[in-house]
Amino acid sequence: MHQHKRHPELVEGSLPVFVFPTELIFYADDQSTHKQVLTLYNPYEFALKFKVLCTTPNKYVVVDAAGAVKPQCCVDIVIRHRDVRSCHYGVIDKFRLQVSEQSQRKALGRKEVVATLLPSAKEQQKEEEEKRIKEHLSESLFFEQSFQPDNRTVSSGPSLLTVFLGVVCIAALMLPTLGDVESLVPLYLHLSVNQKLVAAYILGLITMAILRT
């Protein structure tokens with residue numbers, strides 16, 4: 001005896017609904033956009049019935065607002081904007097597609113599609129281009145700012161070791177030279193001319209390093 005395959009019992013609102021596109025944009029200066037098409041797909045092994053709801057039904061005409069979709073098929077839903085006025089520019093309306101099994105009333109799934117009326121496609125493209133430029137500039141500023149703290153840490157001033165070596169070299173140059181008999185400084189602190197030249201050379205290097213920081 002042949003038995004029909006039964007799919008698992010579905011919870012209300014848990015069934016994914018596949019609709020394209022998910023956003024409708026109508027342009028007031030382009031009459032060809034006043035009619036849009038929503039495509040509802042049914043990838044499942046059982047038939048679905050659907051219903052289209054809207055937050056502002058007085059602004060739109062929905063052809064075939066209710067119907068059925070066979071298993072693994074699709075259906076086109078035509079939506080026309082019938083109230084193209086400037087007072088509606090930028091207002092976001094919503095359509096909701098509810099699907100259920102043909103033998104049941106509960107909605108197994110739903111999907112919302114937003115709809116917007118804009119004055120002109122050219123203005124929309126201009127706004128998108130300006131937005132891209134602003135995002136690019138903000139990204140550039142972000143990267144510049146992120147590198148600034150590193151530069152500050154590098155140029156935080158001479159280290160204590162550098163200052164200490166500088167002080168030692170200055171003290172060495174102030175000590176008496178070997179052979180200076182009249183000096184009151186003990187003889188073991190007398191430096192040769194070569195030692196003082198080395199101290200002067202190191203002091204010059206330290207001075208250059210400090211000036212660069």
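Which residue stands opposite Gln36 in β7? In this predicted model, the residue facing Gln36 is Ile79. The two belong to a pair of strands, β3 (residues 35-42) and β7 (residues 73-81), which run antiparallel and are joined over 8 bridges.

Let's step back to see the sheet around them. It is an open sheet of 4 strands, in the order β1-β3-β7-β5, with antiparallel pairing. β1 and β5 sit at its edges with a single partner strand each, so one side of each has no neighbour in the sheet. On average, neighbouring strands here are turned by 25° against each other, direction ignored.

Here are the strands with their residue ranges:

| Strand | Residues |
|---|---|
| β1 | 18-20 |
| β3 | 35-42 |
| β5 | 60-63 |
| β7 | 73-81 |
| β9 | 109-118 |

Now for the whole chain. It has 3 helices and 9 strands, and along the sequence they follow the pattern β-β-β-β-β-β-β-β-β-α-α-α. Of the 213 residues, 25% are buried. The accessible surface comes to about 15,400 Å², and 59% of that belongs to carbon and sulfur atoms. Among contacts between residues at least 6 apart in sequence, 62% join residues at least 24 apart.

You will find Val113 in strand β9. Its relative accessibility is 0%, so Val113 counts as buried. Beyond its neighbours within four places in sequence, Val113 touches several residues, including Val19, Leu38, Phe95 and Leu97. Cys54 is 59 residues away from Val113 along the chain, yet their C-alpha atoms are separated by 9.4 Å.

Conventions. Residues are numbered from 1 along each chain as its sequence is written. This is a predicted model: local features need pLDDT of at least 70, side-chain atom pairs count only at pLDDT 80 or more; totals for chains, interfaces and linings use all residues. Side-chain values use heavy atoms; hydrogens and water are left out. Two strands pair if DSSP finds at least two bridges between them. Axes are lines fitted to C-alpha atoms, for helices over the stretch in contact, and angles run from 0 to 180 degrees between N-to-C directions. Buried means under 20% relative accessible area, exposed over 50%, partly exposed in between (1.4 Å probe, protein chains only). Contact means heavy atoms within 4.5 Å. Accessible areas come from the Shrake-Rupley method with a 1.4 Å probe; for residues, only the protein chains shown count as cover.
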